Amino acid sequence: MLVVRCPDRDSLVELPPGTASGDVVECPKCAGLALRVREDAGRWWGTAAYRVSCPVCDEIVTLPEEVKPGDAIGCGGHTYRLTFEYGAFAAEPI
């Protein structure tokens, strides 16, 4: 059984069978938090994979690892500027 430590709650999260390094998986203990998991030299670890809801179509968009506030993302033919408040990203129309 493969497990990673949730960076938010510091608890162990069991990875689903077939999980590969670079996959994004749900944290079953944290509402709305996904984990980007990596394997390095046989050791697995997880980092927060930030996500936002599209303001137009409500699609959930997983953001790239290097994302920062002020970056632009696209969804549904529209472009949005990312903001970050209270520990979460939001997509605002440009």
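**View 1. Strand 8 and strand 9 (residues 78–85) pair in the antiparallel sense over 4 bridges.** The model is predicted: local features need pLDDT of at least 70 and side-chain atom pairs count only at pLDDT 80 or more, while totals for chains, interfaces and linings use all residues. Residues are numbered from 1 along each chain as its sequence is written, and side-chain values use heavy atoms, with hydrogens and water left out. Two strands pair if DSSP finds at least two bridges between them; strands (E, at least two residues) are DSSP runs, numbered from the N terminus. Cys75 stands opposite His78 in strand 9. The hairpin of strand 8 and strand 9 has 2 residues between the strands, and Gly76 takes a positive phi near 60° there.

**View 2. Strand 8 (residues 72–75) has a covered and an uncovered face.** Ile73 and Cys75 make up the covered face, Ala72 and Gly74 the uncovered one. In a regular strand the side chains alternate between the two faces of the sheet.

**View 3. Ring pairs link Tyr50, Phe84 and Phe89 into a cluster.** Rings of Phe, Tyr and Trp (its six-membered ring) pair if their centres lie within 6.5 Å; planes under 30 degrees apart count as stacked, over 60 as edge-to-face and the rest as tilted. By this rule the count comes to 3 aromatic pairs. One of them, Tyr50 and Phe89, is edge-to-face, at 5.2 Å centre to centre with 75° between the planes. Tyr50 lies in the loop between strand 5 (43–49) and strand 6 (51–53) and Phe89 in strand 10 (residues 88–93), so this pair ties together parts that are 39 residues apart in sequence. Buried means under 20% relative accessible area, exposed over 50%, and partly exposed in between (1.4 Å probe, protein chains only). Phe89 is buried, with a relative accessible area of 10%, whereas Tyr50 is partly exposed, with 35%.

**View 4. The side chain of Thr19 faces a backbone oxygen at 2.6 Å.** That distance is between a polar atom of the Thr19 side chain and the backbone oxygen of Pro16. Thr19 is placed in the loop between strand 2 (12–14) and strand 3 (24–26). Thr19 is buried, with a relative accessible area of 14%.

**View 5. Val3 in strand 1 (residues 3–5).** Val3 is partly exposed, with a relative accessible area of 33%.

Methods:
A polar contact is a pair of N or O atoms within 3.5 Å; within protein, one must be able to donate a hydrogen and the other to accept it, and residues adjacent in sequence count only if both atoms are side-chain atoms.
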